Amino acid sequence: MSLEIPFIKMHGLGNNYIYIDLFRYTLEEKLLSEVAMKVSDPNIGIGSDGMILIHPTNKADVGMRIFNKDGSEGKNCGNGLRCTAKYAYESGIVQKTHFLIETKSRIVEAEVLVNDGKVDEVTIDMGKPTLRRSLIPMLGLDSEQVVQEPFPIENNMLYVTGVSMGNPHAVFFVEDITQAPLYELGEKIEKDPRFPERVNVEFIEIMNEKEINFRVWERGSGVTQACGTGACAAVVAATLSKYIPKNQQITIHLQGGDLFIKWDENGHVWMTGEAKTIATGSFYYHN
Ligand SMILES: N[C@@H](CCC[C@H](N)C(=O)O)C(=O)O
């Protein structure tokens with residue numbers, strides 16, 4: 001079978017995905033995982049951190065589904081939400097600057113900042129984090145929160161804080177971000193049996209009450225330049241440990257640039273940052 005699939009490549013702080021507009025093109029469900037793996041491959045595909053579908057839904061103004069590089073489906077994606085919001089507005093799928101986006105895990109509200117018809121920046125109300133251990137999900141005796149719990153791995157003693165932003169995150173505080181064991185331990189933690197659905201892994205360094213340095217190993221995609229849900233999880237984790245105050249905008253320094261995150265007094269996490277278009281074209285799929 002051969003298909004010519006129209007795509008848009010977009011990124012948020014270097015976290016780049018191949019987007020497919022299912023308002024204008026139809027792709028069979030059984031092909032999604034394989035197409036995601038193929039488009040993500042830099043040698044025989046386009047090269048990306050995964051694939052995102054922008055689709056019609058009757059629950060919100062627009063829907064979004066995220067597939068990682070390895071073909072697995074994630075349930076939320078912060079950088080993907082900002083790019084989806086940009087595309088939905090610029091392509092005319094929505095004609096308002098505040099609208100709802102449905103993901104597999106939740107419905108979020110987006111606000112786009114428009115200049116000359118183009119969206120430069122997007123703010124998303126990412127909703128409330130889930131902290132209960134069994135819902136992250138993490139194995140072990142269930143508890144309200146998992147905050148800096150001892151996490152022995154490969155002759156190292158790390159301390160894990162668990163946060164779900166609709167997808168699972170394991171956050172580890174480090175003294176110096178340049179020494180974070182991203183490549184040494186990222187994949188091992190992602191696939192550790194204590195996380196039955198695998199996990200996104202974040203190493204964070206608290207610089208001061210307003211800034212955090214951040215590096216990520218993403219479930220299903222490995223090291224990426226940025227992770228929006230991960231940045232939200234970092235602020236929640238740092239607040240739970242009282243390193244930063246609640247209800248204050250925190251600047252997260254990711255490898256690909258800065259994101260601005262606030263965990264407000266109502267328990268909602270707000271994310272603001274850029275969204276950029278890289279290219280449009282056709283992907284030729286052959287099986
Ligand atoms: N890059 C993302 C998260 C993508 C999904 C994640 N790898 C998962 O499997 O949960 C973001 O910006 O949040």
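Predicted model: local features only at pLDDT ≥ 70, side-chain atom pairs only at ≥ 80, totals over all residues.

Reply: Strand β11 (residues 168-173) is largely enclosed by the rest of the structure, because five of its six residues are buried.

Me: What makes β10 and β11 a pair?

Reply: Pairing takes at least two bridges. Strand β10 (residues 156-164) is joined to β11 by five bridges, and the two run antiparallel. Val160 stands opposite Phe172 in β11. The hairpin has three residues between the strands, and Gly166 there takes a positive phi near 95°.

Me: In which sense does β11 pair with β12?

Reply: Parallel, over five bridges, with β12 covering residues 200-208. His169 stands opposite Asn200 in β12. Together with helix α3 (residues 182-190), β11 and β12 make a right-handed β-α-β unit.

**The annotated cysteines**

Me: Which residues does the "active site" annotation cover?

Reply: The unreviewed UniProt entry names Cys77 and Cys227. They span 151 residues in sequence, yet no two of their C-alpha atoms are more than 7.5 Å apart, so they gather at one spot.

Me: Why is Cys77 called buried?

Reply: The cut-off is 20 or more other C-beta atoms within 10 Å. Cys77 has 30, so it is buried. Cys77 lies in the loop between β5 (73-74) and α2 (78-90). Its contacts include Gly228 and Thr229.

Me: How do you know that Cys227 is buried?

Reply: Cys227 has 35 other C-beta atoms within 10 Å. The cut-off is 20, so Cys227 counts as buried. Cys227 is found in the loop between β14 (222-224) and α4 (228-240). Among the residues Cys227 touches are Gly78 and Asn200.

Technical notes:
Residues numbered from 1 in each chain as written. UniProt positions renumbered as here; feature names shortened; annotations may be inferred. Helix = DSSP H or I, 4+ residues; strand = E, 2+ residues; numbered from the N terminus. Buried ≥ 20, exposed ≤ 12 C-beta atoms within 10 Å, placed from the backbone. Contact = placed C-beta atoms within 7 Å. Right-handed = clockwise from strand over helix to strand, strands pointing away. Lists of a residue's contacts leave out its neighbours within four places in sequence.
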